[in-house]
Amino acid sequence: MGVIPILESPKALRSAIEAQPELRVLGDPFFNVAFTTTEESGLDIFLVNDFLASRRWRLNGLQRPAAVHFCVTRPNTQDGVVEQFAADLRPREPGHLPDL
């Protein structure tokens with residue numbers, strides 16, 4: 001695939017996040033992507049952030065509402081990065097984020 005253009009990466013990230021029923025994207029991001037857990041999931045977004053940190057992702061925690069922020073930078077547009085993020089979000093059990 002090569003390098004994903006920097007303006008396409010947020011779209012791909014949004015799709016990866018929206019594929020998880022426990023998560024929801026905040027707003028309509030053009031560039032950087034903030035997301036949180038759904039109320040129905042009962043998950044704590046900061047535990048999701050801790051899990052992603054264990055997979056070497058560094059997201060910024062936000063407040064009001066509690067959320068995390070994925071800052072799209074040039075290294076994030078490299079081949080395979082968004083796909084790896086999506087794989088790390090993919091549940092090991094249907095309907096549950098991994099290892100939370």
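Which residues in helix 2 (residues 45–54) are buried? They are Ile45, Val48, Asn49, Phe51 and Leu52, and the views below start from the whole chain and come back to them. This is a predicted model, with residues numbered from 1 along each chain as its sequence is written, and local features need pLDDT of at least 70, side-chain atom pairs count only at pLDDT 80 or more, while totals for chains, interfaces and linings use all residues. Side-chain values use heavy atoms, with hydrogens and water left out.

**View 1. The whole protein has 3 helices and 4 strands.** Helices (H or I, at least four residues) and strands (E, at least two) are DSSP runs, numbered from the N terminus. Along the sequence they come in the pattern α-β-β-α-β-β-α. Of the 100 residues in the protein, 39% are buried, where buried means under 20% relative accessible area (1.4 Å probe, protein chains only). Contact here means heavy atoms within 4.5 Å. Among contacts with a separation of 6 or more, 51% come from residues 24 or more positions apart.

View 2. Ile45, Val48, Asn49, Phe51 and Leu52 are the buried residues. What covers them includes strand 1 (23–25), strand 2, strand 3 (60–62), strand 4 (67–70) and helix 3.

**View 3. Zoom in on alanine 34, a residue of strand 2 (residues 33–37).** Alanine 34 counts as buried because its relative accessibility is 14%. Leaving aside residues up to four places away in sequence, alanine 34 touches Val25, Leu26, Leu62, Val68 and His69. Cysteine 71 is 37 residues away along the chain, yet the C-alpha atoms of alanine 34 and cysteine 71 are separated by 8.5 Å.

**View 4. Helix 1 (residues 9–18) meets helix 3 (residues 81–89).** Their axes come within 9 Å and cross at roughly 15 degrees; axes are lines fitted to C-alpha atoms, for helices over the stretch in contact, and angles run from 0 to 180 degrees between N-to-C directions. That makes the two helices roughly parallel, a label for angles under 35 degrees. On the helix 1 side, Ser9, Ala12, Leu13, Ala16 and Ile17 make the contact, and they meet Val82, Phe85, Ala86 and Leu89 in helix 3. By class, that contact has 8 nonpolar, 1 polar and no charged residues (Ala, Val, Leu, Ile, Met, Phe, Trp, Tyr, Cys and Pro count as nonpolar, Asp, Glu, Lys and Arg as charged, and the others, Gly among them, as polar).

Key. Buried < 20%, exposed > 50% of the residue type's maximum accessible area, 1.4 Å probe, protein only. Parallel < 35°, antiparallel > 145°, perpendicular 65-115°, else oblique.
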